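Reader: I'm new to this one, and I'd like a close look at a single part. Could you pick a spot where two pieces of a chain meet and walk me through it?

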2 protein chains.
Amino acid sequence: MLLLVKNKEDWSKVHSLSIGLLGLGTVGSGVVKVIENHQDKLIHQVGCPVKIKKVLVQDIEKEREVQVDSTMLTVDPAEVLLDPEIDIIVEVMGGVEETKKHLIQALQQKKHVVTANKDLMALYGPELLAAAANYQCDLFYEASVAGGIPILRSLVEGLASDRIAKMMGIVNGTTNFILTKMSKEGRSYDDVLTEAQRLGFAEANPAADVEGLDAARKMAILSTLGFSMEIKLDDVKVKGITEITGEDIRYGKQFGYTMKLIGYAHRDQDAVEVSVLPTLISNAHPLASVNDEYNAIYVYGEAVGETMFYGPGAGSLPTATAVVSDLVGVMKNMRLGVNGKSSVNPQYQKHLKSDDEIYSKYFIRFCIHDGVGVMTKVTSIFATYDVSLEKVLQHPLAEEKAEIILVTHRASRENFRTVMTELREVPAVVKIESVYRVEEGDTV
Amino acid sequence: MLLLVKNKEDWSKVHSLSIGLLGLGTVGSGVVKVIENHQDKLIHQVGCPVKIKKVLVQDIEKEREVQVDSTMLTVDPAEVLLDPEIDIIVEVMGGVEETKKHLIQALQQKKHVVTANKDLMALYGPELLAAAANYQCDLFYEASVAGGIPILRSLVEGLASDRIAKMMGIVNGTTNFILTKMSKEGRSYDDVLTEAQRLGFAEANPAADVEGLDAARKMAILSTLGFSMEIKLDDVKVKGITEITGEDIRYGKQFGYTMKLIGYAHRDQDAVEVSVLPTLISNAHPLASVNDEYNAIYVYGEAVGETMFYGPGAGSLPTATAVVSDLVGVMKNMRLGVNGKSSVNPQYQKHLKSDDEIYSKYFIRFCIHDGVGVMTKVTSIFATYDVSLEKVLQHPLAEEKAEIILVTHRASRENFRTVMTELREVPAVVKIESVYRVEEGDTV
C-alpha cells in the first residue's frame, strides 16, 4: 500500500493493503489462491484490495503449486519483515525458535500477524500475545487449531458468556484417518499408516501426529482459551495411537465403542485436566461418527449444553480459509483503528487436577493363566480400590490361558493405577495387553 | 450506569453497564440467570459489572422462573426504552410489528440492541440493520437462528474469506424431535406431536413449527448472511412435516435415507435457491445423525469444504448464552468506541433460480392398477422429460393394485413437475402418495 495505516482517519486514503507471506508451502499456496480467487469478497468487506507483496521462501527456483511473480520471492527475512509498506505478516512457514524471532520482529515493526503455527502458539502463545498487545498489534491464530473450523472464534466470542466445562476434540486428521481405516476395514496400524503416507495424509516422519504431540499442542491452545487459564504443552498428558491393535478396536466395537484419539479437557470448579489419549468412545457420542481426516471439537458449556464444530482439520485451502478470515479480522480492526485490543488475558490461575481428582472409565485387556480362583483374585484387586466393573468378558486361549476384557465404572486415576500395579504382580497374570480411557455419551 | 458511554475515552469512568430487557419469558429468564451466574466472566471481559435495570413484562404479578426485584418490572415500554441510563436493549419478547417499533425507538435513543427474534429479523432485518447503522448502534441477533450455536458469527467472521456455495440446516428442534421419534420408534405423526406438546418441545398451536415457517425464517436470515444477498421470507419455498407418514420413513430407510426437515440454500454462480422441505437425506451425510431437538447447520464453502455446526437450537439457557454473548460483543465495541460498524451490506443483488435451474433427486411413492404395460407407460413419462430413475421398488397391494417407489437421479424441478402432472393423468395411476426431495452425501 502507499500509506502506512495506523488509525481509522487515514482509511479513506488507503489504496490497498499489503501482506508479507512467510512460507509458500501447502498452506501458503492456499493463502495465495484464496486471496486471488476471493478478492471481490475481500474488497467488499475490507474496502480496498488486498495484495501479497513479498514472500519469504527457502528456494526461489522451486516449482510450486501456484504462480507467483518471482520478483516477489526472497530468501531474506528482512526483505519481508522490514518492508515499511507491508501491513500484515502471514506466517505459514512452520518452525518454532527462528519463526518466533521473525514474528517478534514483525510486531516491533508494528505489523500485525496472522499465523497457522500450532507448535509456536502452544509453546510461546502467551509471550507472543503479550508482545502483540504491547505494540498494539493484532496476533490471530485461528488456523493453528482444526484448520478450517472456526473454533477459536466460537470459544472466545460465540460462547463468550458461558463457562466451558468440557471440551473433547478429534484434532488430528492423520490419526483419525488411520483409526477410521483400521476400524472400518479391519486393517493393521502399519498397513494403514503406509497408505496414509502414500495419500499425503501422513508425513514421511509421522511421529508428531501418531504419538499425539500435534493433538496435544492444539489441546493446549484450546484449553488455554476455553478455560481462560494458561495451559502449557507440558500440562497435557499424551499417548499416541502406535500401540493400538485390531483386537482392541474389535473388542471396543463389541461393547459399543469406537476407538478415537481424543483430546480431553475438563474443568471441575477451578481445577482442570487436559490429555490426549486413545479413547474408546460410545457410539452414541457425536464424536464417534467423525471419520477419515475430519476434525471435530465437542464443547460442553454450563449454559449452552452440548455443541459440536465439525470440518476439515488440515489441507491447503481449508487452512488458508482460516488464515484469510483472520486477515479480514485484522483489516476490519485496522479500518476501525482498534488493533491489538481483542485478546483477553487469562482470567484464572492454572490449577491442574491431581490423579485422585481425575475420574474416568477404563477398558483393560489382559491375559491370564486360567486356574481356580484367578478371576476372584483379579476382581478382588479392583474391589479393594473401589474400582467397580461394568462389563466383563472372558474367553479361553491356547495353552490353558484366557483373555479377559474389562470395562470399569468411573474411578480415580490414582486408584486405577494402583489396581494396575497390583494386577501386574499377580503370578497368574501373564500380560497386560492394553488399557484405554472409555468415554460414554454422558455430558459432564 | 452512571454515565452515558458513547466513546472509548469515557470508559474508565464507567461503573457498570445497564441493560433494559423486553420480555421475561423462557429466554428472558435465561438471560437473567446467565448474567447473574456468569457475572465474573462478564466483568473480566467487559471491564465492569453488567446489570439489568428494567424489564418490560405483560403482567407484573405473574409467577416466574427467576427472582427479579419487582421494582425493576414495568408494563410501560417507555420506562425501558426512554430510560437514559440504559445502554443496551435486549429483546426477547417476540412479536413483530409492535416489537419493531420498540427497537426503532431504542435505536433512536442510541441504545444498542440484541434480539433473539427470528420472525422480526426475517421480515425486517435489513430495515432494522440500516436503522442501527444510521444511529451508529449495534444490532446483533445471533440467538435468532439455531439458539446456542454461534452460526451467524461463524458465517460472517469465521468463513469471512470463503465463498459459501451451500448451506443445509436442521434449524427447527420441534420438527426434528418429532421426525426422530417417528423414525426410531415407528410412531405416527399425531402420536408424537402430542408427546412433544406434553414435554414442551411443541407449542399448543404448533403450526409455525410443523408447517416449516419457523425454519423458513431462519433460512432467510442464514442465506442473507451466507450468500450476502437480501433473501426474503417469501423467497423461501416451504413445506412442512404434517403429511409425512410412517411408510415414507420406512421406505426411505430401506433405501439408506433418513427423513429430516431440511433448510436448503444453494448458490450456482450468482443465482440461489432457498427452501425448507421434508427431505430424505443419505445416512452417510452428517446431518442424518442429528437427532431429537438438536439443530445443526452444514456449510459447504468453496475453499473450506464441508463444515458443520451442531448444538441446541432452542431452550432457555442455550438461547440466553447466544444473547449474552452478543451483549459481550456490544460492550466490547462500546469500550473501543466502534459500535454500529460491524454489519456489512449485502454484496450481491438477489437472483433466484428459476425452476429449470433447480436440480434435485426425488423420491416418489404412488399406487397403480397393476396391468400389462402400466410400468412401461409410467417409466416412459420419466424418460420423455429426461428424468432418469436410480432406484425402483414395486410390490403388490390388494385388489390388483401395486405400490411403486422410485428414486430419481438429479432432475430439474421444471421437468420433474411436468412428469408429475402427466403421471397424474395416467388412468392406471390411482394416487400419488408422496413426493420428497432426496439429498445424497455428495458435496455440491
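Author: Let's start with one pair of side chains. Lys166(A) and Glu439(A) meet in a salt bridge, at 2.9 Å from N to O. Lys166(A) sits in strand S7 of chain A and Glu439(A) in strand S17 (residues 429-439) of chain A, so this pair ties together parts that are 273 residues apart in sequence. Lys166(A) and Glu439(A) are both buried. Keep in mind that this is a predicted model, and that the numbers here are computed from it.

Now for the setting of that pair. The domain assignment of chain A gives domain 1 (8-147 + 316-336), domain 2 (151-312) and domain 3 (359-439). The part to look at is where domain 2 of chain A meets domain 3 of chain A. The C-alpha centres of these two domains lie 26 Å apart. On the domain 2 side, 22 residues are in contact with 18 residues of domain 3 of chain A.

How much area do domain 2 of chain A and domain 3 of chain A bury between them? The size of an interface is often given as the accessible area lost when the parts come together. Here that comes to about 1700 Å², with 56% of it on carbon and sulfur atoms. In domain 2 of chain A, the residues that lose the most area to domain 3 of chain A are Tyr251(A), Phe255(A) and Leu280(A), and together they account for 36% of what that side buries.

Between domain 2 of chain A and domain 3 of chain A the count is two salt bridges. Arg365(A) and Asp248(A) also form a salt bridge, and their closest N and O atoms are 2.9 Å apart. On the domain 2 side, the elements that give two or more residues to the contact are strand S7 (164-170), helix H11 (246-254), strand S9 (257-268) and strand S10 (271-282) of chain A. S10(A) supplies the largest share of that side, seven residues. Sorted by class, the side of domain 2 that touches domain 3 of chain A has 11 nonpolar, five polar and six charged residues.

Asp248(A) deserves a stop of its own. You'll find Asp248(A) in helix H11 of chain A. Is Asp248(A) buried or exposed? Asp248(A) is buried, because its relative accessible area is 0%, and the cut-off for buried is under 20%. Besides the salt bridge to Arg365(A), the side chain of Asp248(A) makes a polar contact with the side chain of Ser434(A), at 2.6 Å. If you set aside the neighbours within four places in sequence, Asp248(A) is in contact with Glu243(A), Met259(A), Phe363(A), Arg365(A), Ser434(A) and Tyr436(A).

Let's also step over to helix H14 (residues 413-425) of chain A, which is the place of Val419(A). Val419(A) counts as buried because its relative accessibility is 0%. Which residues is Val419(A) in contact with, leaving aside its neighbours within four places in sequence? They are Ile381(A), Phe382(A), Tyr385(A) and Val387(A). Tyr385(A) is 34 residues from Val419(A) along the chain, yet their C-alpha atoms are separated by 6.8 Å.

The contact takes 50 residues from chain B and 50 residues from chain A. Chain B and chain A bury about 4500 Å² between them, 53% of it on carbon and sulfur atoms. Four salt bridges are found across that interface, and the side chains of Asp40(B) and Arg163(A) meet in a salt bridge too, at 3.1 Å from N to O. The count of residue pairs in polar contact between chain B and chain A is 28, both partners at pLDDT 80 or more. Several elements give two or more residues to the chain B side, including helix H1 (26-37) and helix H12 (316-336) of chain B. The largest share of that side, eight residues, comes from H12(B). By class, the side of chain B that touches chain A has 23 nonpolar, 16 polar and 11 charged residues.

How values were computed
Residues are numbered from 1 along each chain as its sequence is written. Chains are lettered from A and ligands numbered from 1 in the order in which they are written. This is a predicted model: local features need pLDDT of at least 70, side-chain atom pairs count only at pLDDT 80 or more; totals for chains, interfaces and linings use all residues. Side-chain values use heavy atoms; hydrogens and water are left out. Domain bounds come from an automatic or database domain assignment. Contact means heavy atoms within 4.5 Å. Buried area is the accessible area (1.4 Å probe) that two parts lose on being put together, summed over both. Helices (H or I, at least four residues) and strands (E, at least two) are DSSP runs, numbered from the N terminus. Ala, Val, Leu, Ile, Met, Phe, Trp, Tyr, Cys and Pro count as nonpolar, Asp, Glu, Lys and Arg as charged, and the others, Gly among them, as polar. Buried means under 20% relative accessible area, exposed over 50%, partly exposed in between (1.4 Å probe, protein chains only). A polar contact is a pair of N or O atoms within 3.5 Å; within protein, one must be able to donate a hydrogen and the other to accept it, and residues adjacent in sequence count only if both atoms are side-chain atoms.
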